[in-house]
Every structure is written in C-alpha cells, then in structure tokens.
Amino acid sequence: MAEADLPPIAGKAPAGAPPESAPPAPSPGRTIKPPRTRYPRLESVLRQLGAALLTLLVISTVTFAATNIKSPTEVARNALGRETSEAQLQAYVEQHGLDDPFYVRYGSWLKDFVQGDWGTSAVTGRDVRADVLPRLGKTLLLSLIALGIALPISVLLGVFMARRVGSWQDLSLLITTVLLAALPEFVVGIGLLMLFAVWLGWLPVDSTSLSFGTTVEKAKAYILPALTLVIAMVPYIARIARGAAQESLAAPYTQAALLRGLSRRTVIWDHAMRNAAVPLVNAVAINLVYLLSGVIVVENVFAFPGIGQALVQAIGQGDTITVQAIALVMGAMFIAISLAADLLVVYFNPRLKAATA
Amino acid sequence: MSSTLADVDVLEPEPLRPIEDDDEARPASAWRTIIGNVEGQIGLVLGAIMLGIILFGRFFTPYSPTELGVGPQTVGPSTEHLLGTDNLGRDVFSRFLTGGDTILIVPLVAVTLAFLFGGSLGMLGAYARGRIDAVISRTFDLLLTLPPLLLVLVIIAGLGTSTIVLVVTVALVFVPRVGRVLRGATQAIVTNDYVAAAQARGERTASILGREVLPNIAAPAIADFALRITYAIIFVATLNFLGLGAQPPDPDWGLMVADSRNFLSVQPWATLAPAAGIAALSISFNLIADALTRHLTRETSKGVVPV
C-alpha cells in the first residue's frame, strides 16, 4: 500500500508548509541527534535496534489483541465445528488456556513464537511455520528485487527533475507521478497483466508456476509482480529524491564546487548527491514500511505464493493462528528492511563519523 | 468545511482585495486555486463526472446489477450489454453504474472522522505544548510505526468485515497522519498575536482552536484532506479487491476487478471498466490535492543553480 506521509511535492511536508516538518518530524529512533559520546555510530545503531524491537513488540501486541477479541467459546466452536457439545467446548477452552488473562496468553504465545513454535492451523491442520517460511523467502526476494530496481530509477529520475525544475520535462514527469501515485497497486497490476500477459502474451497471467515450474518459468513469475511494485514505489521515491536533490543543488557548496571548475558529473554526484543521500535515505526509510505493504496486494493480484497471499487467504478462512504468525513475520520483515535503510543513514551521516576521531 | 469557506470567498468583493505575489496562502483561496489551475480544473471535471456516475448512475441501469443470468455468461460488449456480461451472466454496465458507492462514501466518512479526532488532537498538542503535546505526539509516533495495510488486515481478521469496521479502521490509520500535519500547521501560527489576543480576552481553548487557529490553518488542512481522500480511496478499493471490504452480491468496483480477473483474456471489460472507475476517482482527488499543495508550497525555480 503506497500510502504514507509522503511528500506530495519536492520533498516538502504533505500539504502545506508547516516549517516544523522541514526536518522530518520526530519519529522514534529515526532522528539522529548530534553525537554526545565517543561512539556515536554505535550508539545510534543501538538506538535504532531498540526502536525496531519496540515497534515489533507493538505490532505483536496489536496483532494478538485484535485476533483475540472473540470469546473463548467462539474460538473453540470455530475450531471444533458447529455441532459441538458445551462440555467439548469447555474442554477445548481449558486445554488451550483460552480462559487465562490476556497478558498470560500473550506472553506464552510470544514465547512460543520466538522459540519457533508457531502453532498448528485450526483450518488446515498443518504446522504454520512449515507453511509460512517457504513463502516468506519468495516474498522477501520479490520485495528486494522491487526495491533494488525502484531505488536507482527513482534517484536518477529525481536528479533529472531537480536539474530542470519548472521545465516541461520536470512538469510532465511530476504530473505522471501524480497520476501513477493515485492508482491502487491492483489496478496497476491488472493493467500490466492486460498488456503483457493477455495482449502481448509475453508473460504468464499468474505466478503459480513458482510452485512447480522450471527455473525460467519461475524467473518469469517474478517479473510482473516486481514491475507492479516498482511502478507503485517510483512516483513517491522520485519525488523525495527530487526534493533532496533540488535542495542540495541549490546549496552554496554546490555553487562553490561549480565555480571551482569541477565537472558537472563530479559536482552532481560527488558533492550534491552525497549530501542529499542523508535526507533521501531517511525519507525512504520512513516510508519503506508503507511502500512494502504493497507486496500484500500484488501477491494477490498475481496469485504469487508468498506470505501476503497466505495472509489474505487466512483472514478469509478465519485461520487466526496463521494470521498472527504471518502478521508478525511480515512486520518483522518490513522493519528489518527499513532498519537496514536506517543503518545506511548512519553510514552516510558525516556528523557521526567526525566525532570518533 | 471547504464549501463554507469557499462561499465566504465568493461573497468577498473581488476588486478590493489586492493580489500580490507574496500574498499569504489564504484559506478562502482554496477554491480559486483549484479553479485557476489546469491541473485542478482537470481534477474537478473528472471528479464531477465520477461523482455523477456514482450518485446518479443507479437510475440508468439497463438491468438489475445483482440479477444472475440476464445475458449469456462472460461475453464481450454487444448492443444489449454495453460492457458485456460477467461469469455469472450479470450485466457489467449495470454493475459499473452502481458499484462506486463504497469507495466514495467510506473514504469521505473515515477521513472526516480522522480530521475530527486526529486534527483536534494535533491542534491541541501544538497549542497546549508541554506534557499534553508530548503525550499526543508520542501516541501518534507509536501509531505511525504500524504498517497501515497490515494493521487494517489484522483488525479485520479479528472483527470481521463490516462497513463500520472498515470506516473505523481506515479512520484509525489516518488519525496520527492528519494529526501530525495539523499539529505542524498549528505550530507555525500559534505564536501569532491574534492567538495571544484571544487568550488575553479569556477565551476558552476550544473556542481559540476553532475560531482563531482553524481558519488560519484551513488551507493546508483542505489540501491534506484531499490528499487523504485519495489515499483512503486507494485503501478502501484495495480492501474491496482483497474481498475484505464490500461483500458480494453487492456490486463494487474493487470486488468486480477481483471476481473477473480470471476471465481477463475472455472478457476484459468486466475487469477494465471498474478498474478505470477506481483510477479516475482517485486520480481526480489526487490532481485537486496536488494543485492545492503546489499552490501552498509556491514552488518556483528561484534559487536553483542550473547545473
């Protein structure tokens, strides 16, 4: 779901000009304070790890709370079927500890989960972990492929636009991003499906061949889902990149470098974009979680056998245990990827480097 | 909110208002901004067309949108069925004309709710500062760490699908986002003398926020409202597509896309028509939002080195 506090234009805060938003508004663990200790890098890495763990904890709490709103007998009836006697229901409730207070059940669920016991699905009767893990690999690969393509394209587009602010190329690209950003992922996916699979017949209409096809078929099954995600992400990231590039191209040090007679390529990529990298990666990291949610939708459009498809399926079937497991795994995956982006920010931030000397 | 402000603007005598280049983006100029901008005009016309289809399309359906077998199954456009029929022999054109309700009404209600709750909290935080602001901001930050689609899916998994669940969860997603934007906008103006004057007059906080602060942050608020509507339309359409929003047999564009996806090669119109409907509706709002935002940020090429 490409939805976020994404800057609509030029990296500026959504709608309007609250000056407070000019440096990204404080978000836990993502603001990088000036160094105080001798190991600023280590400290900021630790802080971000802490924030990531905290976020995971919140996701797990919300997931567990939301999926435990039903009364214990209702859960038992769902698991055992409608034709069950009161005594049987009672026995099931006691056996699974459904009557225990919330924090006790949450604690034991989380403990089991961390130890690798993800439970057995009441709907399919299979081990959830064995079902989810192979799917996770595919979803992760799909997300990384999409990111790997979307990021460089967005940065190049952003720089291209920032160098020509106000020109017709810039404006038409901006309008294109507005149009693309307004399209839900599934509409983009259906459009690509229509074009490449139905009319041109180049690619398969779904990604089911991932489960049984040959290597080439498997590779082909990734193309359309990845392309859809790329089209969903590029409009947002390109705008952030444009804003960041525009700002650093206008900065005095860029002018100075230009006046010193350095080549344009050196000025743009070595001076301007190196400084633009911090706000850029920062903004991307914040929005990554939202952008990656699109993978849930895309998997369902293309019948891609990943965890997003399994999640929606499990919700439809009322398979609570699977929903819990996938929500937590998916949350962890999103957070891990955006943590990686955060760590890149630390790497790029020169202020954190200087203090170690 | 926007319409009343626009009305005030219309009543204002035009020639008396000096229009300068550096004129502050005034709340009353939101409507004029949309009108006086090609992007906004296109958005407005497109939005009006889609609104017409969604509101009045139901009166022009050639067949019942839910009746099975009014024609042969899964055939392309003909004179009897302008957009063909779907796999259950229902008339796609009739379903198209009646399928836009959810993705217009749910986003409008949900975003309005988000503005009422999130917006007031954000304004209060920026106005009150100190501990109240800290509590509100931390809560927003916490909610912002949750991936929206995942959050909504998990809640739907627990509570089941219904319109109320849909509205409340979508509103919940937008509360911290709207709150943060309005908090920022309020912070920018809260130090102005008119706020101090109102405080000196001894006005209550609610009245200061409503009568002094709100009119002065109306412009960013309206632009943000349009933007949130776009996101909410995408969101709700997506949930419908996933089968977790509107439920069959109700005609709904997202649901129609999902149902007819497997027959894409045989009867593409059953998929493309509702997909186009969703796209047009959300594009129209996004164009309006973009026109407003661009006006507010006053983007110019000033100060940019032509590298």
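Predicted model: local features only at pLDDT ≥ 70, side-chain atom pairs only at ≥ 80, totals over all residues.
On the side of H11(B), the contact is made by B:Ala237, B:Thr238, B:Asn240 and B:Phe241. H12(B) contributes B:Trp253, B:Gly254, B:Leu255, B:Val257 and B:Ala258.

The loop between helix H11 (218-241) and helix H12 (253-260) of chain B holds B:Pro249. The peptide bond that leads from B:Pro248 to B:Pro249 is cis, with omega near 5 degrees. Most peptide bonds are trans.

Chain B as a whole has 13 helices and zero strands. Of its 307 residues, 52% count as buried. Among the contacts in chain B with a separation of 6 or more, 70% are accounted for by residues 24 or more positions apart.

Helix H8 of chain B covers residues 163-189. At 1.5 Å a residue, its 27 residues should span 39 Å, and the end C-alpha atoms are 38 Å apart, which agrees. Of the 27 residues of H8(B), 21 are buried, so the helix is largely enclosed by the rest of the structure.

Two residues stand out by their backbone angles. Most residues other than glycine have a negative phi. B:Arg129 is not a glycine, yet has a positive phi of about 55 degrees. This residue lies in the loop between helix H5 (101-128) and helix H6 (130-144) of chain B. With 12 other C-beta atoms within 10 Å, B:Arg129 is exposed, because a residue with 12 or fewer such neighbours falls in that class.

In chain A, A:Ala303 has a positive phi of about 50 degrees, although it is not a glycine either. A:Ala303 is placed in the loop between helix H10 (264-301) and helix H11 (307-317) of chain A. A:Ala303 has 19 other C-beta atoms within 10 Å and is partly exposed, because a buried residue needs 20 or more.

Note on methods: Residues numbered from 1 in each chain as written. Chains lettered and ligands numbered in written order. Helix = DSSP H or I, 4+ residues; strand = E, 2+ residues; numbered from the N terminus. Contact = placed C-beta atoms within 7 Å. Expected span 1.5 Å × (residues − 1).
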